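User: I would like to go through the labels on this model one by one. Please set each value against its cut-off.

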Amino acid sequence: MRLYYDDSYLSAFKSRVIDQRADARGVWVELEDTAFYPESGGQPSDRGTLSGVPVEDVQADEAGRVWHLVTRPLAGEVDGGIDFRRRQDHMEQHAGQHIASGAFLEVAGRDTISFHMGQEVSTFDIAGRTPPTEEELRLAEARANEIIRENRPITVRWAQADELDALGLRKPPQVAPPYRIVEVDAFDRSACGGTHPRQTAEVGLVKLYPAEAVHDGFRIRFYAGQRARLDYVRRAAELDRIAARAGVAVLETAATVELRLAEIDRLRNLATRQRRQLLDQEADRLAGGAGSVFLAFPDRGPDDLRELAARLATRGVPLTVLTGTKDELGAIVLQRPAGDGPHLGEALKALTAALGGRGGGSAVQAQGALPLPAAPLLEEALKRLGTL
Ligand SMILES: [Zn+2]
């Protein structure tokens, strides 16, 4: 018999091993009665001990028999102990989901089509082709928390097949009768085999987060009970840090961040424009000599070198070789104007074949990273490219 069906709070019980089997995961025992919840209906299995021996998983087989994975074989009478902190968390999530799903149906007319309880965050999927609006989420969350605050009884009863129509279930049964019906008083009635608290206030709090599209609907992430309180504490701490750093009140952080991001965009655009102007001026100066340009810039990276080299080519510099630094390596850029001339990509490949590193490019532009500092890299490059 499944003792949790009638009492979700039962955390210590006595029973007797009636069967045992083994598979690749270890030894599984079946008990005459058990308070352990086997994984099902989106709810993970319980943990705990049988006469001090840890229970690492609980699964029901197709015949409905409940098997406990134990770390060593057991026989005869056993004392069962449920990890009640874990159970209570599952009760909070499960009842929280019933209430949130009922609220979603009430405020938005959207059915819940599936439920998954995760170790960190739980989800339920709602039907429909359009995502729930912010307003629907807000209303559903508010309604769910109202039901929690009203501390309505959550009751369990059993029903036969001919009673189903009269019951008006939000979620019809997916098992054979008799059906276990879980009711949040005058609010939500579902067929469910899971564990729930006796009163809605025990759920404490429900928090819903915006949905993401899934195969046949939208997935809503939610926290209930202690998880929702911890989520609140973590988010509040994070927000406090941001507000303190920005020197504003917590409820002004969003507006402040908006302003600062706009300011960053403006400054970034300004910096880009000024950087381009400086590169233009530098290119004008370097191209004035009419010959090729060979320079080492230990402080400059490949992007900067590439932009300068391109400007030199448009100003008619016949060949540009620039070196700089990229991470631990030397950076090199080769550039010439379009038209007839040596294939610079091939030339750079020959250079990397001789010196190591990597690089390549087109006939007119090539870049690479080689294991030499900027100045010796330029020297080596010019020596080997001398035949160009
Ligand atoms: Zn349930």
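Analyst: Start with contact, which means heavy atoms within 4.5 Å. Helices (H or I, at least four residues) and strands (E, at least two) are DSSP runs, numbered from the N terminus. The model is predicted: local features need pLDDT of at least 70, side-chain atom pairs count only at pLDDT 80 or more, and totals for chains, interfaces and linings use all residues. Residues are numbered from 1 along each chain as its sequence is written, and side-chain values use heavy atoms, with hydrogens and water left out.

User: What covers the buried residues of H2?

Analyst: The cover includes helix H1 (84–108) and strands E10 (179–184), E12 (206–214) and E13 (217–224). Buried means under 20% relative accessible area, exposed over 50%, partly exposed in between (1.4 Å probe, protein chains only). Among the buried residues of H2 are Leu137, Ala140, Ala144, Ile147 and Ile148. Glu136, Glu141 and Arg143 are also on that list.

User: How does the span of H2 compare with the expected one?

Analyst: The expected span is 1.5 Å times one less than the number of residues. H2 (residues 134–149) has 16 residues. Its first and last C-alpha atoms are 22 Å apart, close to the expected 22 Å.

User: Which protein atoms are the donors of the zinc ion?

Analyst: They are NE2 of His94, NE2 of His98, SG of Cys192 and NE2 of His196. Donors are N, O and S atoms within 2.8 Å of the metal (3.2 Å for Na, K and Ca); water is not among the atoms, so sites may look incomplete. These four lie 2.0 to 2.5 Å from the zinc ion. Their spacing along the chain is H-x3-H-x93-C-x3-H. Cys192 and His196 are both buried.

User: What makes the arrangement around the zinc ion tetrahedral?

Analyst: Four donors count as tetrahedral if all angles lie between 85 and 135 degrees. Here the four donor atoms subtend 91 to 129 degrees, so the arrangement is tetrahedral.

User: Why is the pair of Phe104 and Phe124 called edge-to-face?

Analyst: Rings of Phe, Tyr and Trp (its six-membered ring) pair if their centres lie within 6.5 Å; planes under 30 degrees apart count as stacked, over 60 as edge-to-face and the rest as tilted. The structure holds nine aromatic pairs. In this one, the centres are 6.3 Å apart and the planes stand at 75 degrees, so it is edge-to-face. Phe104 is in helix H1 and Phe124 in strand E8 (residues 122–127), 20 residues apart. Both are buried.

User: Why is Ser122 called buried?

Analyst: The relative accessible area of Ser122 is 0%, so it is buried. Ser122 lies in strand E8. Its contacts beyond four places in sequence include Gln93, Phe115, Met117, Ile220 and Phe222.

User: What is the phi of Asn151?

Analyst: Phi of Asn151 is near 50 degrees, a positive value in a residue other than glycine. Phi of Asp327 is also near 50 degrees. Most residues other than glycine have a negative phi, and most peptide bonds are trans.

User: Which residues does a cis peptide bond join?

Analyst: It joins Pro177 and Pro178, with omega about 5 degrees. Pro178 lies in the loop between helix H3 (164–167) and E10.

Conventions: Four donors count as tetrahedral if all angles lie between 85 and 135 degrees; four count as square planar and six as octahedral if opposite donors are over 155 degrees apart and all others between 65 and 115; anything else is irregular.
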